[in-house]
Each structure stands twice: as structure tokens, then as C-alpha cells.
Amino acid sequence: MIAPILRDLSALRTQTAAWRKAGESIGVVPTMGALHQGHLSLARAARATCDRVIITIFVNPKQFNNPDDLKNYPRTEEDDARKLESIGVDLVYAPDADQIYPDGFATNVSVSGLTDMLCGASRPGHFDGVATVVSKLFLQTSADQAFFGEKDYQQLQIVRRMARDLDIPITVVGCPTIREEDGLAMSSRNLLLSDRSRTKAPIFAEVMNDVREQLINGAAMSDIQDAAKERILAGGYNEIDYFELRDGTALSLLDRPKSGARLFGAAWLAGVRLIDNIAI
Ligand code: AMP
């Protein structure tokens, strides 16, 4: 069954109020569309634990610090709706821009600390845009559970903190990163890679896995970091924003792994910025 697509908040609230009245739990999966198996895995996780599942699709202008990135972001709404068909999603909320940012919108949700490093350092304002739209989507959908990918691990931690700090009664569930067969983390941005660039892309995940092995075998990050970055660049990437070992909760820098540590990377391939992270 193709899920209905709702575009305005009042229609969404009418539906969620009926579900609530019937005592049904609601799960939400916030996305920017161009859905792939990574997104679908979140929808399946929601389907498995919630009575009702809402997928939101909104390409949020506030989280793009680069106008070309926003312009080029893939938009494939009809395909998206088809992909959701087999999962049994109850509705797609694809709000018109004024349902999220009405005229005169003046509020910013900003999480300090966790947003200073990693993608926060290389994309100023990005996480304020994320925290603002996600807090609105939590309130608009009144969901009990929200499903986010570990692929965007820093985002997951920021969203958790935001919901806790603002007392939004929602459980934020983190789900594992889904990868292509060659190890590349699935991402809507992979669609922007030419065939030639796509063949070069997996070296990033390969190097991350090798670095994990080295760390587990006792190497210090400071001793192997430069060589790892050079391998990624030699493999065809043009620039590396970061390639770091960090704590998985506070996201503080580490030189050696400890419980919960993760390796984080962001790199540019032919004008496309790709990110990845793995648990050590
Ligand atoms: P996006 O549409 O890129 O904003 O992503 C929407 C949600 O899907 C976020 O919670 C992402 O972390 C998650 N996601 C994106 N790619 C993947 C992936 N490869 N595996 C698991 N979750 C993902």
C-alpha cells in the first residue's frame, strides 16, 4: 500500500490525534529523501516496534551551509514513496517549507559543545539547522520513538542531547550503518558521484577498517593518522576534513581506543563530501 503523503501540519495533527486516541504508539524517521537501504532499515526498525510509522521528507535549507550543496541535493519523492510501499509505513510527512519555517520564524535550537568538533567545525551552522528542524519534527509528529542512523553519529548524539535537554518525551533510537557491498556507507550523496568517482569511493571505508585493526593491535592514533589520510588521498579523494578517534558519547579526542571509542572521517571526492564512522 502506498502511504499517503501529507504536506501540512494540521492534516498531520488530525491523523496523529486519532492514533493517540486509539492508544497507538508512533515512530518517526526523519529524512531528507532520496531514500536508500539505510533509510529503509530505519523504517523497518520503526515498523518492528511502533504501531504507527511516519517517515518525514524535508530537505532542510537551514542545515546547508553551502547553497550549491542545497541546490544539488537529490530529490526523488515519487521513487521514495514507492520504496516505502513494502515496509508498510503509515504516512509520509513531506511538509511545505512554510509548515516548518512560517513567515517571521525566529527561533534557533543550538546544542553547545557536541557541535564544536567534527562536522560542526567544517560546516558552521549545520547542526543548529539539524537541531532546529528535528525538534520541530518531534513536536509536530508527537512521536514516542525516533529512529536515526549511526552513519551520522555526531548528529545522533546531538539529537539525543537536544531531546533530553528540552524534555521532549521521545526515545531516540540509534540504528547501524548500512553499507554497499564494497563497504561504502550508503548515502544520498553517493548519487552525486560519477561512475569513475564511485569506483574510488570505497578506499575511505577500507582505510577506516585497516586503522581499526591497527588500533586494536596497539597502535596510537597519532602514529598512524597521517599515513591513513595519505592513503585516502592517494586513492583519489581530494581533501580530508577530519580523520579522528573519539569517545562515542562526549566525542572528545582520543589517541588510543577505550570502551565506546569510534573512528570518524569526512573527506571530499570530486566535489562530494562523504562521511563515515566505525566503532573500535
Ligand atoms: P538523511 O536523509 O541523509 O538526512 O538521513 C536520514 C536518516 O537516515 C539519518 O538518521 C541518517 O543517519 C540515516 N542514514 C543515512 N544513511 C544511512 C546508512 N547508510 N545507514 C543507516 N542509516 C542511515
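Analyst: Happy to. C50 is buried, as its relative accessible area is 5%. Keep in mind that this is a predicted model.

User: Thanks. How far is the sulfur of C50 from the closest cysteine sulfur?

Analyst: The sulfur of C50 is 11 Å from the closest cysteine sulfur, which belongs to C175, and that is too far for a bond. A disulfide would need the two sulfur atoms within 2.5 Å, so the count comes to zero disulfides.

User: And C175, buried or exposed?

Analyst: C175 is buried, with a relative accessible area of 5%.

User: Okay, on to the ligand. How many residues surround it, and which are the closest?

Analyst: The ligand is surrounded by 17 residues, and the closest are M32, G149, D152, I178 and M186. By type, the shell has eight nonpolar, seven polar and two charged residues.

User: Which backbone atoms pair up with the ligand's oxygen atoms?

Analyst: A polar backbone atom of M32 is 2.9 Å from a ligand oxygen. For G149, a backbone N or O atom also lies 2.9 Å from an oxygen atom of the ligand.

User: What about a nitrogen atom of the ligand?

Analyst: A ligand nitrogen is 2.8 Å from a polar backbone atom of M186.

User: How much of the ligand does the protein bury?

Analyst: The protein buries 93% of the 490 Å² that the ligand exposes when taken alone.

User: Nice. Which elements give two or more residues to that shell?

Analyst: Those are β2 (26–31), α2 (37–49) and β5 (145–149). α2 gives the most, with three residues.

Definitions and conventions: Residues numbered from 1 in each chain as written. Predicted model: local features only at pLDDT ≥ 70, side-chain atom pairs only at ≥ 80, totals over all residues. Heavy atoms only, no water. Near = heavy atom within 4 Å. Polar contact = N/O pair within 3.5 Å; in protein donor to acceptor, adjacent residues only side chain to side chain. Areas by Shrake-Rupley, 256 points an atom, 1.4 Å probe, with all protein chains shown as cover. Helix = DSSP H or I, 4+ residues; strand = E, 2+ residues; numbered from the N terminus. Nonpolar A, V, L, I, M, F, W, Y, C, P; charged D, E, K, R; others polar. Buried < 20%, exposed > 50% of the residue type's maximum accessible area, 1.4 Å probe, protein only.
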